[in-house]
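Hello,

Here is the structure we talked about, with the sequence alongside. My notes follow below; please read them with the model open.

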Amino acid sequence: MTASAAETLEWLFRPRPIDSGIDRTALAGLLVELARTVEPKACVQPTGISSVDPRLEQLRDLLVGHEIEVLGRLRQVVEDPERLGVAVGRVLPAAIASSDARLGQVLAPALEKATETSIRNDPRALINILHPVIVPAIRKSIAEAIDSTFQSLNESLRQSLTWRGLRWRFEAWRTGKPFAEVVLKHTLVYQVEHVFLIHSHTGLLISHVAAADAASQDPQLVSSMLTAIQDFVRDSFKGAGQQGVDTLRLGDLRLWCEAGQFAMLAAVIRGNPPEELRDSLRSVLSRIHDERRQALESFDGDSSGLADVAAHLADCTALRQQARSARKAGFPWFVFVASVLLAGTAAGAGLWRWQVVQEQARISAEIAAEIAQEQARVRAAELERRAAEEQLWSGYLDRLRAAPGIVVTEAGERNGKFAVAGLRDPLAPDPAAILSESGVDPARVVSRWQPYQALDPVFVLRRLEASLPPPRGVRLSIAGDRIVAEGSATPLWLSRARTAARMLPAGGPQLDLSQVQNVTEGVFAKLRQTIQAREIRFNTNDSLPAPGQDAVLDQLADEIKDLTALASTMHVTAHIRLTGHADDTGPGTLNLSLSIARAGAVMALLKKRGVAADLITIGGAGQLDPLDERNSDTARSANRRVSVAVLVEDER
Amino acid sequence: MTTTVQKKICMLGGFSVGKTSLVKRFVQSIFSESYQTTVGVKIDKKTVTLGDKVVHLILWDLAGEDDMSSLRMSYLRGSAGYVLVADGTRPATLETALSLRRRVEADCGPLPFALLLNKYDLREQWAVSDGDLEALRGSGCRVRSSSARTGEGVEDAFTDLATRVTH
């Protein structure tokens, strides 16, 4: 606001005196003039003008009443600092936005002064603002400077005692440059072998250029792995901020990474590159960003639109410093020897100490790397061992689940041990035996088994075979959900089998006995009856059969042989019991021995006819078991006999 | 004319679901498995041809961890899609996979993904019911049964995912 404008405003809002402040005489003159322009003959003199005239006020209200009111409102706004602040605030942004450069020029000194005062009063505010931006940059810059110094020192020490070193000292003296700079100029030998341009957001490869003789793995995979390693470092060392890794070194190879806004440039360099190379890489990256910003930002995996950046990358791979040709012949040994002597033992000691320190650092770095490698290897081995053990464990569980009569109800890992629990039929395979076959360390396993009876037909059959041993003539087998008995058996076994069948639990397999033939029925039974009806007759007091009994004996022998053969097919054993009898004449003891003698005689005669003697047993009944009890010769004759009984037994 | 595209795909799944076996048999690999135990990720490549388009799926095989907090979410940045792997004989791993999906969606928004129920060759121990599968499919999951041993379902899953991330 200029000074004059301020004065106008001041005048405008000056409080009005009670009198209007108007030169009333001049006004009266003006009105007379006006009257004369209407009526030239009017001859009026402005006389007798009173100092106060209410009509004048009325006239003014009529002419500028509205303006007076507006001005009044404006005045209220301007005089109230609060309302004035609000009003100016409303228009200020628009006013500044539409102002030209002069506003900046006018404001700058005031702002500078204000900032200066503020920082002088409390510098911490500014430090807090700048810290995250500036500290990493400073840190990086210092690190690079130190690195560079070390390189130069290293080279200096290496070169200072050679002929070449002396020559370079001379060059430094001649050109006025620092010796270190001269050394660096001559010694840095390197070759940029690979350059990757990697999309920062996805880690995908945008472009890759390799020097003519460089070999590498799949650049797409390398590019993503580099991004992953950068992420890993950023995540693991939060203090690194957003910087990530900018240098990796492996023997003679270095990997230098330069991060840009959308893409990262990674260069694989063989040899000993100067720090200035980093500037070259940086400038290539920023050139690519300048030219292809849009394409880099919207990169989605299709690099065909960015083919031209390869040319920039090729500029990088062209960066190299070749080794000088080998030393020329005619090396001036005397100069070397002299310089060694001049340099003296102190320099030698210094060099030795330097090498020792370097060697120690190298060894400790190697040890650290080995320890890290060993730890990774141990962890990988542990994981592998765990996986192998889990596989064995799951194999064991599979075998348990497959075993009949074992029900696994729980399996898992608890407190570093494998645990399994379930039900086991006592007839099922032993889990401990399965465990030892599975290869899992039994000490790592906790097992808990509850006994139960499986209704699996195999187990019911095995239990049945234990409680009801089947004779040789009977075969038990599983047919569907039944256990079927087949063959022939004695009534004794059959009755025990029926009892056992009734005892089987409901809902499980049942025992089917319908296929078992009772040996006391059928052909066998008939032959047995025929044999038991046979009798061999004797004369009084005679232990040999009466004449004419040979035919009966022949028949009996044949029948017994038939029966034995038949029994063997039915897996039963038929025993022949010969009982001798006597009539009631003579003393009882004599009759008893006579009856035994008669049975013995028949056994011998049967044996003679081919009957197996071990199937025959003999006994004597004396006169106690007469066939006919009447007191007559016919009855006595009938009682002098040998009777035959057939006993059947299940074959075991 | 053949066009070539690269896409970043993350492979996620619980402990020993067979993710590494899937990768071992079906993809190009130059890095050793020890990267997973150290850096937490291993990069592999699966190349899929879709008509005249060659898609290189750059697979970030993230270390399988049941403790989800140790998963490095920064590795998910820039993924075009992901593969969830679960073990069909252990329903808990399916839970892990679904919870991984929720975490990925919270960080990266909805991305195309494939859910592989691995170890389909151990069908007799299969513990995920058809009803569960139908429910998952109903909720928009592309579920496939796969087997690193027989190769069943694996190629299809990669081809399908490649189609969806390049569409």
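Leu248(A) stands opposite Leu255(A), a residue of β4(A). The two strands involved are β3 (residues 247-250) and β4 (residues 253-259) of chain A, joined by four bridges and running antiparallel. Together β3(A) and β4(A) make a hairpin, with two residues between them. One residue of the turn, Gly251(A), has a positive phi of about 55°. Bear in mind that this is a predicted model.

Chain A contains 19 helices and 16 strands. Of its 652 residues, 21% are buried. Take the contacts in chain A with a separation of 6 or more: 64% of them come from residues 24 or more positions apart.

Chain B has five helices and seven strands. From the N terminus, its elements follow the order β-α-β-α-β-β-β-α-β-α-β-α. Chain B has 167 residues, and 43% of them count as buried. For contacts in chain B between residues at least 6 apart in sequence, 72% link residues at least 24 apart.

Next, the sheet in chain A. Which strands form it, and in what order? It is an open sheet of four strands, ordered β13-β16-β14-β15 (chain A), with mixed pairing. β13 (535-537) and β15 of chain A are the edge strands; each has a single partner strand, so one side of each has no neighbour in the sheet. From one strand to the next, the twist averages 25°.

β15(A) deserves a look of its own. Strand β14 (residues 572-580) of chain A runs parallel to β15(A), and five bridges join the two. Two pairs can be picked out. Arg577(A) is opposite Thr617(A) of β15(A). Gly580(A) has Gly620(A) of β15(A) as its bridge partner.

In a regular strand, side chains alternate between the two faces of the sheet. Which residues of β15 (residues 616-620) of chain A lie on the covered face, and which on the uncovered one? Ile616(A), Ile618(A) and Gly620(A) make up the covered face. Thr617(A) and Gly619(A) make up the uncovered face. Helix α18 (residues 588-608) of chain A lies across β13, β14, β15 and β16 (641-650) of chain A. This helix, α18(A), runs at about 160° to β15(A).

On to where the chains meet. How many residues does each chain give to the contact? Chain A gives 25 residues and chain B gives 25 residues. On the chain A side, α9 (219-236) and α12 (333-402) are the elements that give two or more residues. α9(A) supplies the largest share of that side, nine residues. By class, the chain A side has 11 nonpolar, eight polar and six charged residues.

α9(A) itself has 18 residues. From first C-alpha to last it reaches 25 Å, close to the 26 Å expected at 1.5 Å a residue. Is α9(A) largely enclosed or largely open? It is largely enclosed by the rest of the structure, because 13 of its 18 residues are buried.

Then the nonpolar cores. The largest has 78 residues. Those with the most contacts inside it are Leu265(A), Ala267(A), Val83(B) and Leu84(B). Apart from that core lies another, of 36 residues, including Val519(A), Phe524(A), Leu563(A) and Ala574(A). Back to Val83(B): leaving out residues up to four places away in sequence, Val83(B) touches Ile9(B), Met11(B), Phe113(B), Ala114(B), Leu116(B) and Leu161(B).

Last, a lysine in chain B. Lys46(B) sits in strand β3 (residues 41-50) of chain B. Is Lys46(B) buried or exposed? Lys46(B) counts as buried, because it has 24 C-beta neighbours inside 10 Å, and the cut-off for buried is 20 or more. Beyond its neighbours within four places in sequence, Lys46(B) contacts Phe26(B), Val27(B), Leu57(B), Leu59(B) and Phe158(B). Glu155(B) is 109 residues away from Lys46(B) along the chain, and their C-alpha atoms are separated by 9.8 Å.

Best wishes

Key: Residues numbered from 1 in each chain as written. Chains lettered and ligands numbered in written order. Predicted model: local features only at pLDDT ≥ 70, side-chain atom pairs only at ≥ 80, totals over all residues. Contact = placed C-beta atoms within 7 Å. Nonpolar A, V, L, I, M, F, W, Y, C, P; charged D, E, K, R; others polar. Buried ≥ 20, exposed ≤ 12 C-beta atoms within 10 Å, placed from the backbone. Pairing = 2+ DSSP bridges. Expected span 1.5 Å × (residues − 1). Core = buried A, V, L, I, M, F, W, Y, C linked by C-beta atoms within 7 Å. Axes fitted to C-alpha atoms, helices over the stretch in contact; angles between N-to-C directions.
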